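Trainee: Please put the structure up, and I will ask about what it shows.

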Amino acid sequence: MKLEAVVFDLDGVITDTAHYHFVAWRDMALGLGIHIDEAFNERLKGVSRLDSLRLILAHGGKADLFSDAELEAIATRKNEHYVNLLSALSPADILPGIAELLRELRQNGIRIGLASVSKNAPQVLAALGLTDAFDYCADAAKLTHSKPHPEIFLTACAGLGVTPAQAIGVEDAQAGVISIKAAGLYAVGVGSQLEGVDWLVPCTSHLTLPALLAHWADRQQN
Ligand code: BG6
Ligand code: MG
């Protein structure tokens with residue numbers, strides 16, 4: 001079967017906004033007397049803003065202290081901090097190999113999708129100069145479920161007009177890998193500690209079109 005589409009996560013795959021999310025959550029948590037480190041932050045990757053806040057509060061033993069309105073207010077403050085950090089973002093912040101890969105996919109008629117649960121995704125793509133590089137971006141505001149639920153990758157495939165079996169998903173988060181596999185795409189993981197991936201690369205510079213196609217072809221023979 002021909003590879004018809006590649007669906008990318010954004011934060012941590014296209015650009016390293018994962019670190020900005022961590023900084024904004026860490027500072028917000030400290031204000032509530034909760035300490036989170038980079039290891040804990042792995043559990044927040046791919047998780048929506050409010051679900052991330054709930055995980056942090058549970059981690060700090062403060063799960064039931066806040067009303068829904070207070071949770072919204074805390075999450076909004078975190079987001080304001082995050083958006084401030086984003087103001088420095090430019091095309092220079094596209095992770096290694098990604099711009100070339102997006103160009104090659106387009107030249108080869110392979111459709112390109114975005115599956116990010118971030119409501120800031122349009123702003124991030126614009127800052128990177130990549131808005132037109134994607135054929136379809138799933139709208140985080142219209143999703144019912146965060147990753148690891150398969151909804152976002154299924155939505156992206158439907159929007160691109162491909163079946164999951166014709167597509168590759170690329171993720172840096174464990175919740176995202178589970179989402180890709182549950183949706184039925186071939187899973188490429190970026191990082192070192194991801195379980196259940198079909199192909200794991202240590203960093204995005206390994207994501208060339210020839211390498212992707214070689215792994216896709218191998219998969220067909222299995
Ligand atoms: C994901 C990030 O891409 O987006 C999460 O991995 C983040 O860390 C989530 O919480 C939601 O992002 P935002 O920008 O809507 O707060
Ligand atoms: Mg990510």
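Trainee: How do the residues of the lining of the largest pocket divide into nonpolar, polar and charged?
Mentor: This is a predicted model, where local features need pLDDT of at least 70, side-chain atom pairs pLDDT 80 or more, and totals for chains, interfaces and linings use all residues, with side-chain values from heavy atoms, without hydrogens and water. Residues are numbered from 1 along each chain as written, chains are lettered from A and ligands numbered from 1 in written order. A pocket is an open set of points on a 1 Å grid over the protein atoms alone where a 1.4 Å probe fits, with protein on both sides within 12 Å along at least five of seven lines, and lining residues have an atom within 4 Å of a point. Counting Asp, Glu, Lys and Arg as charged, Ala, Val, Leu, Ile, Met, Phe, Trp, Tyr, Cys and Pro as nonpolar, and the others as polar, the division is 10 nonpolar, 12 polar and 12 charged.

Trainee: Which element gives the most to that lining?
Mentor: Helices (H or I, at least four residues) and strands (E, at least two) are DSSP runs. With five residues, the top contributor is α3.

Trainee: Which residues coordinate the magnesium ion (ligand 2)?
Mentor: Donors are N, O and S atoms within 2.8 Å of the metal (3.2 Å for Na, K and Ca), and sites may look incomplete without water. At 2.0 to 2.1 Å, the donors belong to Asp9 (OD), Asp11 (O) and Asp172 (OD).

Trainee: How many residues apart in sequence are the parts that Asp11 and Asp172 tie together?
Mentor: The donor spacing is D-x1-D-x160-D. Asp11 lies in the loop between β1 and α1, and Asp172 in the loop between β4 and α8, so the parts tied together are apart by 161 residues.

Trainee: Are Asp11 and Asp172 buried or exposed?
Mentor: Buried means under 20% relative accessible area, exposed over 50%, partly exposed in between (1.4 Å probe, protein chains only). Both are buried.
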